[in-house]
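Subject: Structure handover

Hello,

Here is the structure I said I would pass on.

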Amino acid sequence: MMKSKENLQAESLSSSLTQPRHDMHNQWPRAESVEDFRENLAAVKLRIEAACQRSGRSEKEIRLLPVSKTMDDAHIRLAYAAGCTELGENKVQEAWGKAQSLADLSELRWSVIGHLQSNKAKLVAKFASEFQALDSLHVAEVLDRRLHTEGRALDVFVQVNTSSEPSKYGLPAEDVDAFMCQLKPFENLRVRGLMTLAEFTSDAGRVRACFKRLRQLRDRLSESHGAMALSMGMSGDFEIAIEEGATVVRVGQAIFGARLRPDGFYWPR
Ligand SMILES: *Cc1c(COP(=O)(O)O)cnc(C)c1O
């Protein structure tokens with residue numbers, strides 16, 4: 001269906017009003033029962049649907065990846081019972097521990113979404129089904145070799161630094177094309193898409209600009225590298241990410257409740 005100019009204008013007006021919710025930081029209520037998890041998941045899905053409607057997209061295009069970092073086994077079991085069958089973790093050691101103690105949850109798949117040192121690549125190759133923070137050729141080499149030994153394959157996303165904050169991980173946008181060409185020989189890595197973290201700010205315009213940069217990069221690269229997923233958006237900003245084309249949103253606190261430590265503890269500063 002063609003959209004009228006007025007419609008498009010109304011849409012871009014309404015989406016320019018979508019604000020990040022970093023004010024909710026440390027205020028998401030902790031989920032303590034399967035019912036709490038069901039409610040939180042339903043609320044997140046409603047927000048996803050609303051963002052899709054504003055941007056003329058279908059919610060079927062969006063994959064919700066629940067993020068369980070810092071949450072203990074008991075809470076993860078409740079989340080699983082409420083339907084979370086894939087979980088994102090940003091620290092490999094922590095994820096590996098959970099993968100072992102929760103091995104009886106047969107449908108559970110693990111996605112490592114945080115920076116990886118090459119000496120930990122071995123672990124990722126053992127249990128993860130996805131790695132979303134690839135930004136080093138050396139790590140790619142080690143992963144590919146270990147995956148070969150394990151007889152496994154791994155879905156990977158290339159992490160891009162869209163905020164130009166020097167302390168953040170991820171490749172500068174201009175290096176991604178060459179990097180993706182260098183990944184081609186690695187038979188056990190399946191490059192699925194691009195991932196980014198937006199600038200952590202309540203300035204919606206700056207958050208949106210990060211997501212827009214990733215989408216534009218994907219659009220340019222897809223001519224030579226084919227279709228790619230876009231992993232962008234977290235509890236505080238996933239609506240903006242969806243409006244800008246996200247196909248994977250990584251949501252922790254809005255599902256599990258607030259983490260006890262501030263995000264600076266998990267992320268490089
Ligand atoms: C923690 C984390 C998320 C989720 O953040 P929430 O605020 O809990 O939604 C998403 N992506 C990455 C890389 C993370 O480390």
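This is a predicted model: local features need pLDDT of at least 70, side-chain atom pairs count only at pLDDT 80 or more; totals for chains, interfaces and linings use all residues.

Residues are numbered from 1 along each chain as its sequence is written, and side-chain values use heavy atoms, with hydrogens and water left out.

Overall

The protein has 10 helices and 9 strands. Helices (H or I, at least four residues) and strands (E, at least two) are DSSP runs, numbered from the N terminus. Of its 269 residues, 52% are buried; buried means under 20% relative accessible area, exposed over 50%, and partly exposed in between (1.4 Å probe, protein chains only). The accessible surface is about 12,700 Å², and carbon and sulfur atoms hold 50% of it. Areas come from the Shrake-Rupley method with a 1.4 Å probe, and for residues only the protein chains shown count as cover. Among contacts (heavy atoms within 4.5 Å) with a separation of 6 or more, 66% join residues 24 or more positions apart.

Core

In soluble globular proteins, nonpolar side chains tend to be buried together. A nonpolar core here is a set of buried Ala, Val, Leu, Ile, Met, Phe, Trp, Tyr and Cys residues joined through side-chain atoms within 4.5 Å. The largest one has 80 residues, and Phe131, Leu143 and Leu194 touch the most other members. Helix α8 (residues 204–225) gives this core its largest share, 7 residues. Beyond four places in sequence, the contacts of Phe131 include Val112, Leu116, Leu143, Leu154 and Phe157.

Ligand

There are 13 residues around the ligand, and Lys69, Ser235, Arg250, Gln253 and Arg259 come nearest. Ligand oxygen atoms lie 2.6 Å from a polar side-chain atom of Ser235, 2.8 Å from a backbone N or O atom of Gly252, and 2.6 Å from a side-chain N or O atom of Arg259. Taken alone the ligand exposes 380 Å², and the protein buries 98% of that. The shell is made up of 6 nonpolar, 4 polar and 3 charged residues. For that count, Ala, Val, Leu, Ile, Met, Phe, Trp, Tyr, Cys and Pro are nonpolar, Asp, Glu, Lys and Arg are charged, and the others, Gly among them, are polar.

Single residues

Is Glu243 buried or exposed? Glu243 counts as buried because its relative accessibility is 11%. This residue lies in helix α9 (residues 238–243), and its side chain makes a polar contact of 2.6 Å with the side chain of Thr18. A polar contact is a pair of N or O atoms within 3.5 Å; within protein, one must be able to donate a hydrogen and the other to accept it, and residues adjacent in sequence count only if both atoms are side-chain atoms.

Glu32 sits in the loop between α1 (5–16) and α2 (34–54) and is partly exposed, at 48% relative accessible area. Its side chain has a polar contact of 2.8 Å with that of His75. Glu32 and Ala74 are 42 residues apart in sequence, with their C-alpha atoms 9.3 Å apart.

Pro172, in strand β6 (residues 171–172), is partly exposed at 33% relative accessibility.

Regards

Technical notes
A residue is near a molecule or strand if one of its heavy atoms lies within 4 Å of it.
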